[in-house]
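Subject: Structure handover

Hi there,

Here is the structure I promised to pass on. Have a look at it first, and my notes follow below.

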Amino acid sequence: MSLERYYVGETARLRMTFADEAGAATDPTGLSVQARPPSGPALGGYAVVRESAGSYYVDLPVTLAGAWAVTWSWTGPVPSVTAQRFLAVPVAEAAAGGTVTPTPDVFDRWVTAWDAAALPKDSALFQKMAEAGGWPAAFFGVTPDTETDQGAALRALMLQVQQAGGGVIDLPPGVITTSRLDPLNGVFLRAQTLGAVTLKAVAGGGGVIFGNSNFASLVGTDDFSGLAPHDFGLIKLTFDGNAAQQSVASGQRDFACPVQVYGYRFLIDGYRYQNVVGHGLRTAWGRFGELEMAAQIRDVGGFFAPRCGFWFQGPHDSFIEKIVPVDSSQEAEAGWEQIRAGDTATWVDCHTWHTSFSTNKASYGFTSAGNSLTRNLVCEGSRALLKMGAGDQIDGLFFAATGSPGKWAVEVLGSAASISGGTRIINTTAADMWGIRLGTAGSPVGAVMMPGLIIGGWGRGAVDFAGDGGASRITATGYGNGTTRPAPNLRTYVQFDFNTPDLLYQKNQFHPGPFANQAAASAGGVQYGQLWLAADGTVRWSTS
């Protein structure tokens, strides 16, 4: 079974035959035809022509490219309805002024998932469709162009695909300039290979390429009205914010991201950003909402975002992996994070870094508002590495290449947090920094577990317990310095409250605690000392 194909501008002649139960030709009564084009309302009023007994045809002007559905209905002798489908193909203009007829193979690849239901599953045509699986945007008037806005053609095609039941749109290789595209349910934009397609924001459009028109008003509202998009996707695409040709006030740059979506259950896989106005990528959704709300976001990266590389505000419980922002916060020194996790999610194999000391401006490599599970996180560069919230669980490797004097590489600012799995927090350049800060003097935290922790090279100290409320516990496999500072190898500087802590040494593990309360610390001040393993195997602590 094969679908009829017509060029836009032609007249499609569609035929229908009628027979009774015995197979004899019969003429129905009340026969009418209605056509539904790829977009817009259904069309009627067509003249139905009788050729012979039981044989009729109708001529339909083909005005739009895409899949057409034609419905035949009649009132007698038994009321019934049947449908036909055909494909309308745009005529491509050749450079010499002639026309180009697409080859049958190209036609076959263009069959959509919506039409697949009409194809036998064992047919060669169906197999070709399954292998290709996409709507070629070039057949629908989308042209790579560095200046001319292709947004109208893209939006029309996306709407057509949505009305056809959803599917994947394959974008032609090159730079495609476009005004903002709304995410639509069931519609995916795809390049065949990463780096082949760049979607570029039009000049003066604010730098947004893909996102809700009302994104700014939805963020933070927990709006579950059903209007938010879902089950859409971006695959192997580069997004260029065209920042040099945008004029966006500072107060609006949080909403000037190349991709900013409020929705759920979407896919972003293979995403690159460049020349952006605000954040490299921003996503959001209400805190709960649909039970199956989790998005999948993976393989995201880019350079020199003025603000955050990736600001995640939902959807809740998403799965996120391989996020690699580089040199974020170019707008202000220590103004923005490389990754800001503002909602619960699972993060795996993420790496933040910088290209040079002069471009290293990010305040943190990774910050979390709480209850995130993070594995294999590498923070290289930034003024501090990590800020943890309540219930955060970190399992991985940390490495500080630089820092800010008097700061902490890792700040734990919420209870029930944990750092585990042989985590290393190593400093190489900033002598006047702490390794870990547990709470603040005004907001102590407790129940912070850090088994298997290795800390080293921190000029001020490995752990600042001043705000832990006397409740934290650390079990460390060893305090390795990682540099020539401090020495000997298994020694560290630790800040304790004024009263001497109870020090335990067991199987090469240091376990300081419990500690004096904050009142005693305030009364007696803070002592700085050294916790170290002497040559005779004893553990010593002194205030020298």
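Two strands pair if DSSP finds at least two bridges between them, where strands (E, at least two residues) and helices (H or I, at least four) are DSSP runs, numbered from the N terminus. Before the details, a word on the source: this is a predicted model, in which local features need pLDDT of at least 70 and side-chain atom pairs count only at pLDDT 80 or more, while totals for chains, interfaces and linings use all residues. Residues are numbered from 1 along each chain as its sequence is written, and side-chain values use heavy atoms, with hydrogens and water left out.

Now to the strands. S3 and strand S6 (residues 66–74) run antiparallel and are joined by five bridges. One of the residues involved is Ser32, whose bridge partner in S6 is Ser73. Both strands belong to an open sheet of four, ordered S1-S7-S6-S3, with mixed pairing. Strand S1 (4–7) and strand S3 (32–36) are the edge strands, each pairing on one side only.

For the protein chain as a whole, the secondary structure comes to six helices and 41 strands. Of its 544 residues, 51% count as buried (under 20% relative accessible area with a 1.4 Å probe, protein chains only; exposed is over 50%, partly exposed in between).

Next, the interior. A nonpolar core here is a set of buried Ala, Val, Leu, Ile, Met, Phe, Trp, Tyr and Cys residues joined through side-chain atoms within 4.5 Å. The largest one has 66 residues, and those with the most contacts inside it include Ile169, Phe210, Ile297 and Trp347. Helix H4 (residues 151–163) gives the largest share of this core, four residues. Apart from it lies another core, of 18 residues, Ala12, Phe18, Ala35 and Val62 among them. Leaving aside neighbours within four places in sequence, Ile297 is in contact with residues including Phe266, Leu281, Phe312 and Glu321.

Finally, the cysteines. There are zero disulfides in the structure (a disulfide being a pair of cysteine sulfur atoms within 2.5 Å).

Best wishes

Conventions
Contact means heavy atoms within 4.5 Å.
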